[in-house]
Structure formats: structure tokens, C-alpha cells
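Subject: Handing over a structure

Dear colleague,

I am passing on the structure below, together with some notes on what was found in it. Please look through the model first and then read the notes alongside it.

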Amino acid sequence: MKWALMALIGFGFGFTLSFSRFGIVFGWREMLTKRNSYYVRVHLLTIAIEILLFTCFLSFSHALFGDAMVGNVMAIGIPFIVGAFLFGIGMQLAGVCATGTLYCCGEGQPRFWLVLLCYGIGTLISNQLRPELEATFSSHVVLAKDLTGNIWSGMLLNLALVAALFLLFRKSELKRTGELKPLFSGGNLFWRDGRFTVLTGGIIIALLNSSVVALHGSAWTITGAVYDMALRGASLFGLFEGNPKLAQPLFINPMVGMFWLGILGAMLARCISGGGTFAPMRLGNSLASILGGLLMGMGAMYSACNLGGFFDGTASGSLHGWVWMLMALAGSLIGIRLRPLFKL
């Protein structure tokens with residue numbers, strides 16, 4: 001029952017991401033290059049909703065189906081910091097993050113299947129380094145509630161940080177452009193040109209992700225599912241035969257089912273909305289897809305992706321979410337500078 005419900009939520013994720021064009025990577029690039037903060041302000045609103053809902057669910061000891069209510073918490077250390085930085089570079093080269101890769105694949109864009117393939121290869125390469133890195137570097141979990149005293153005051157701290165960033169990005173856009181696109185004024189707030197607006201997408205994604213926490217005890221992540229699938233693919237060539245994960249059924253990880261139902265959801269959204277033609281594959285964007293996918297996969301094994309590292313981590317009260325954001329922003333600055341080399 002839980003797997004079926006989570007798979008349906010995965011379908012909703014894929015559909016919503018595609019039908020709203022909820023672009024995390026594009027939004028960051030718009031902010032860094034043009035000071036257009038509209039998309040990152042929508043992202044922060046999404047995170048604020050998740051903080052409220054995650055905190056309510058995390059106040060319980062167990063999820064609806066008996067899993068421990070743990071949220072998405074990662075230890076902060078050198079591997080995590082470097083991983084988030086590499087992910088930031090990779091996502092700007094690839095033009096998508098993990099969630100963007102999923103829905104672009106579902107829409108039938110060939111270049112992003114190449115990104116997905118290289119993402120999986122990157123996770124396999126990076127995981128081989130894990131024993132040595134864990135033995136060399138120490139990492140520590142830092143939770144907001146440990147700084148403030150309890151989960152609720154930790155929630156207020158994170159909401160305050162979200163509000164501060166919101167105002168900072170808003171001020172930056174006003175200073176640079178002299179105007180500001182508001183989130184909640186004007187007509188067609190939630191539906192425009194035959195599809196969801198980005199704002200609608202952000203709200204639905206927050207609700208869907210919080211539903212996963214209620215069911216499973218932690219939120220949606222993609223990297224683990226991609227790694228499990230890449231591991232099975234590599235085993236067909238005689239690689240990683242001793243890995244204990246190969247003895248387990250692939251779909252024992254509910255995130256794998258969510259991934260493939262997400263692909264189907266994006267397919268449906270594409271069929272309903274139609275749209276123009278996709279950019280053709282060329283040597284430049286193909287090389288960027290390969291390099292970007294590899295960097296994202298290698299980085300995500302230690303830091304997760306935008307959703308798992310930043311959105312889910314922050315909403316779970318783990319300060320690794322904010323560290324992820326800073327390092328991925330730094331990586332994005334480099335990735336953006338590298339894009340012209342690939343004629344992007």
C-alpha cells in the first residue's frame with residue numbers, strides 16, 4: 001500500500017514539474033546573471049511551506065506506515081562540501097538538476113537521457129571512493145533544534161533564514177533592475193497559457209514532498225534511486241558483483257518506483273500541454289551533458305541534489321541544507337562561466 005501511494009505521488013511530482021516548468025537550475029542562473037529573483041523567491045516559498053509541514057510530521061516518532069520519522073539529515077564535512085560544489089558546476093553545464101533531468105527525460109528530450117546515464121555513472125564512480133573518504137574526513141550532523149533548544153524554535157530559525165534570503169534577493173533585484181515581479185499580484189496567479197504557473201508548481205511540490213514524509217518518514221530523493229538502477233546496469237557487464245545491494249530487489253527502494261512514475265507523469269504533462277520543439281543534440285551540448293551528468297552524480301553521492309540536499313535538508317531542520325545552498329551557488333558561478341565553452 002505504501003509503495004503504491006508513493007508511486008502515485010511520484011507520478012504527481014513528474015506531472016507537476018513538467019506542467020509548471022518548475023526549473024531550479026534556470027531560476028538560480030536567472031538570479032546570478034540577471035538578478036531576476038522571481039524563481040528563487042518561489043523556491044523559498046516552497047521551502048517555507050515544507051518547513052512548516054515537515055516540522056509538524058517530524059514531531060511524531062513514526063510515519064503512517066511505521067517507518068522512523070527521521071527527515072532528510074546529512075552530516076557536514078569535506079566530502080559533503082566538495083560534493084555540493086561539484087553538483088553546482090554540473091547542474092549549470094547540464095542545464096538541469098536531478099528533478100529537472102527526470103521530467104525532461106519524461107518529456108522525451110534525448111539529451112537529458114544522456115545526462116541521466118552519466119549521472120548514474122558518476123554515482124558509481126563516486127561511491128567507490130566512499131570508504132577512503134569516510135576514513136580520512138570526519139563529518140558531523142548539525143540540527144537547528146540543537147542550536148535553539150527544540151524542534152519548534154529550530155523551525156522558527158529556519159523560517160527566519162528563509163525570510164532573510166527572500167528579502168535579500170528581492171532587494172538585489174530592485175537595486176539592479178528598478179522593478180520587481182511580485183508573487184501574489186495580478187491575474188492568473190495559478191494558471192497561465194494552458195498550464196500551471198511556477199508558483200502553483202512550487203506549492204504542489206511542497207505538499208507532495210510533505211506527503212512523502214508523512215508516509216515514509218523522509219522526503220523524496222532521486223540520487224539513491226539512480227545509483228540503485230546504475231548498479232544493476234553495471235552488473236550486467238560483470239561489475240560490482242560483490243555489492244550486497246544486488247541481492248535485494250530493485251523496487252525495495254520506493255524511490256525507484258517514484259522515479260519511473262515521475263517519468264510517466266512528465267510524459268502525460270507533455271501530451272496535455274504540447275509545446276514547441278526541443279533543442280537538437282549538438283557536440284557542444286552533448287559534451288556539457290556528459291560532464292554535467294558526471295559531476296552531478298559524483299557530487300550527489302555525498303551531498304544529495306537540490307531537492308534532497310537543499311529543500312529537504314532545510315525543511316528537516318538540518319543545517320546542511322544551508323551549507324549545500326552556499327556551496328552549490330559557488331559551483332553554479334563557475335558552471336555558468338563554463339557554459340559558453342560548450343556554446344550553451
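**Salt bridges**

R130 and E134 both belong to helix α7 (residues 130-136), where they sit four residues apart, about one turn of the helix. Helices here are DSSP runs of H or I with at least four residues, numbered from the N terminus. An α-helix has 3.6 residues a turn, so residues three or four places apart point the same way. R130 forms a salt bridge with E134, with 3.5 Å between the closest N and O atoms; a salt bridge is taken as a side-chain nitrogen of Lys or Arg within 4 Å of a carboxyl oxygen of Asp or Glu. R130 is partly exposed, at a relative accessible area of 22%, while E134 is exposed, at 52%; buried means under 20% relative accessible area, exposed over 50%, and partly exposed in between, with a 1.4 Å probe and protein chains only.

Before going further, please keep in mind that this is a predicted model, in which local features need pLDDT of at least 70 and side-chain atom pairs count only at pLDDT 80 or more, whereas totals for chains, interfaces and linings use all residues. Residues are numbered from 1 along each chain as its sequence is written, and side-chain values use heavy atoms, with hydrogens and water left out.

The structure holds six salt bridges, and one of them joins the side chains of K2 and D67 at 2.9 Å, N to O. Because K2 lies in helix α1 and D67 in the loop between α3 and α4, this pair ties together parts that are 65 residues apart in sequence. K2 is buried, with a relative accessible area of 6%, and D67 is partly exposed, with a value of 25%.

Another salt bridge is formed by the side chains of R21 and E107, at 2.2 Å from N to O. This pair also links distant parts of the chain, since R21 is in the loop between α1 and α2 (24-34) and E107 in the loop between α5 and α6, 86 residues apart. R21 counts as partly exposed at 33% relative accessibility, whereas E107 is buried at 7%.

How far apart are the end C-alpha atoms of helix α12? They are 28 Å apart, which agrees with the 28 Å that its 20 residues (254-273) should span at 1.5 Å a residue, the expected span being 1.5 Å times one less than the number of residues. Among the buried residues of α12 are P254, M258, F259, A266 and A269, and the buried residues of this helix pack against α1 (2-20), α5 (98-106), α6 (110-128), α10 (198-216) and α11 (223-235). At its N-terminal end α12 is capped by N253, a side-chain oxygen of which lies 3.0 Å from the backbone nitrogen of M255. After α12 comes G274, with a positive phi near 65°.

S18, in helix α1, is buried, with a relative accessible area of 2%. Leaving aside neighbours within four places in sequence, S18 is in contact (heavy atoms within 4.5 Å) with Y103, E107, R195, A266, A269 and R270.

In α5, nine of nine residues are buried, including T99, Y103 and C104, and the helix is followed by G108, whose phi is positive, near 85°. In α10, 15 of the 19 residues are buried, so this helix is largely enclosed by the rest of the structure.

**Two loop residues**

Is L319 buried or exposed? L319, which is found in the loop between α14 (306-315) and α15 (320-338), is buried, with a relative accessible area of 16%. Not counting residues up to four places away in sequence, L319 touches I76, V142, L143, A144, L147 and N158.

L64, in the loop between α3 (38-58) and α4 (78-94), is by contrast exposed, with a relative accessible area of 66%.

With best wishes

Key:
Polar contact = N/O pair within 3.5 Å; in protein donor to acceptor, adjacent residues only side chain to side chain.
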